[in-house]
Amino acid sequence: MFYTLSMSRPTYIEQPCRSALNQVRGMPFRWSLNPYRGCVHGCHYCYARATHPYLGMNAGEDFSTRIVVKSNIADILCQELRRRSWQRERVALGTATDAYQPCEGRFGLTRRCLELLLEGQTPVSIVTKSTLILRDLDLLSALASGPGAFVYFTITTLDPAVWRPLEPGAPPPAQRLRVMQRLSAAGVPAGVLLAPVLPGITDAAASIEAVARAARDHGALTFGSNALRLAPPVKDHFLGLVATDYPDLLARYQRAYTGANAPDAYQAALARRIEAIRSRHGFTDDVMRRTLHRDETAAAGTHQQQLPLPMMLK
């Protein structure tokens with residue numbers, strides 16, 4: 001395990017890319033765009049950690065301190081948007097690492113890409129934890145009133161004691177909510193992703209309820225969620241955090257996550273809990289679960305403080 005409590009000063013590695021748009025499957029969108037690889041937000045559960053070893057770096061400290069900057073991504077995107085085959089399908093930004101992490105203030109790649117997408121009348125969706133997105137309110141407003149735009153803010157918890165160790169380099173959840181409220185007030189549709197939900201850490205009914213209530217109060221149009229997924233490199237790193245901060249959960253995580261996904265029974269129980277809370281707060285759209293079976297999201301009671309999770313059983 002290579003989890004560490006400290007965060008080193010990041011190094012930015014400028015590299016040209018050969019393609020800007022990435023075709024994806026099994027998601028609510030077909031195309032993604034990521035100007036950066038690695039992320040100084042350093043969220044210990046981040047699934048994108050699994051991709052850093054492909055760059056010859058580790059999924060631990062390297063992920064949050066050695067950031068690859070796709071220096072020519074705007075030029076490549078411009079070429080790709082001009083292809084006759086391009087159908088102006090929605091492009092999702094920030095699906096791997098945050099397109100508005102602090103270095104965007106220096107490099108400006110995300111803003112330039114948004115300018116090109118607006119020029120090409122291409123709709124966008126953005127997933128972020130960053131308050132820097134407010135800088136681009138002018139472009140987002142133009143996109144929202146034109147081809148289309150939607151911004152999703154990831155919020156896993158409102159508890160400062162839980163948030164800080166999990167997301168050491170990310171802005172506080174309260175700041176994200178205020179930024180979302182400002183975007184919504186300006187006509188840019190936005191929502192909250194409670195993702196991932198961490199078994200035994202952020203899956204209590206009260207914790208989920210607090211995030212859903214705050215999302216509604218700050219103008220969120222959608223409230224999505226999914227359970228923690230631990231691909232092999234991410235699993236090694238995240239279990240290091242569990243061993244340090246939640247040692248009583250370590251053996252349970254080890255038993256539950258024999259593969260990358262939480263047990264099916266846990267995912268179904270979590271879906272029922274969240275659907276009940278979502279319905280109570282008037283949310284009808286869950287972008288994270290559109291492709292899943294409806295019977296997994298049937299409403300259920302939420303009287304327990306913690307779920308009777310399969311992973312919690314001996």
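Q: In this predicted model, what is the relative accessible area of Gln 121, and does that make the residue buried, partly exposed or exposed?
A: Gln 121 sits in the loop between helix H4 (109-119) and strand E7 (124-128). Buried would need under 20%, and exposed over 50%. The relative accessible area of Gln 121 is 38%, so the residue is partly exposed.

Q: What is the phi of Gln 121?
A: Most residues other than glycine have a negative phi. Gln 121 is not a glycine, yet its phi is positive. The value is near 50 degrees.

Q: Where is Arg 88, a residue with a positive phi of about 60 degrees?
A: Arg 88 is not a glycine, although its phi is positive. It is found in a loop, with helix H2 (73-81) at one end and strand E6 (91-93) at the other. The location is the loop between H2 and E6.

Q: Which two residues are joined by a cis peptide bond?
A: Most peptide bonds are trans. Here, a bond with omega of about -5 degrees is cis. Its proline lies in strand E9 (residues 190-197). The pair is Ala 195 and Pro 196.

Q: How many helices and strands does the protein have?
A: Both kinds of element are present in the protein. The count is 11 helices and 10 strands.

Q: What share of the residues counts as buried?
A: The protein has 314 residues. Its accessible surface comes to about 13,900 Å², and 50% of that belongs to carbon and sulfur atoms. Under 20% relative accessible area makes a residue buried. The buried share is 54%.

Q: How far apart in sequence are the parts tied together by Arg 30 and Glu 89?
A: Arg 30 forms a salt bridge with Glu 89, with the closest N and O atoms 3.0 Å apart. Arg 30 lies in the loop between strand E2 (21-23) and strand E3 (31-33), while Glu 89 lies in the loop between H2 and E6, so the pair ties together parts separated by 59 residues.

Q: What are the relative accessibilities of Arg 30 and Glu 89?
A: Arg 30 counts as partly exposed. Glu 89 also counts as partly exposed. The values are 42% for Arg 30 and 23% for Glu 89.

Q: Which helices are linked by the salt bridge of Arg 111 and Asp 138?
A: The two side chains meet at 2.8 Å, N to O. They are 27 residues apart, and the pair links distant parts of the chain. Arg 111 is in helix H4 and Asp 138 is in helix H5.

Q: Which residue does Glu 209 pair with in a salt bridge?
A: The closest N and O atoms of this salt bridge are 2.7 Å apart. The pair links helix H8 (residues 205-217) with helix H11 (residues 264-280), and the partners are 71 residues apart.

Q: How many salt bridges does a search of the whole structure find?
A: Side chains of opposite charge can pair when their charged atoms come close. The search covers the whole structure. The total is 12.

Q: Which residue in E5 is the bridge partner of Ile 13?
A: E1 and strand E5 (residues 66-70) pair in the parallel sense, over 5 bridges. In E5, the partner of Ile 13 is Val 68.

Q: Which side chain makes a polar contact with the side chain of Ser 125?
A: Ser 125 lies in strand E7 and is buried, at 4% relative accessible area. The residues that Ser 125 touches include Val 91, Phe 150 and Tyr 152. The polar contact spans 2.8 Å, and the partner is Arg 90.

Key:
Residues are numbered from 1 along each chain as its sequence is written. This is a predicted model: local features need pLDDT of at least 70, side-chain atom pairs count only at pLDDT 80 or more; totals for chains, interfaces and linings use all residues. Side-chain values use heavy atoms; hydrogens and water are left out. Helices (H or I, at least four residues) and strands (E, at least two) are DSSP runs, numbered from the N terminus. Buried means under 20% relative accessible area, exposed over 50%, partly exposed in between (1.4 Å probe, protein chains only). Accessible areas come from the Shrake-Rupley method with a 1.4 Å probe; for residues, only the protein chains shown count as cover. A salt bridge is a side-chain nitrogen of Lys or Arg within 4 Å of a carboxyl oxygen of Asp or Glu. Two strands pair if DSSP finds at least two bridges between them. A polar contact is a pair of N or O atoms within 3.5 Å; within protein, one must be able to donate a hydrogen and the other to accept it, and residues adjacent in sequence count only if both atoms are side-chain atoms. Contact means heavy atoms within 4.5 Å. Lists of a residue's contacts leave out its neighbours within four places in sequence.
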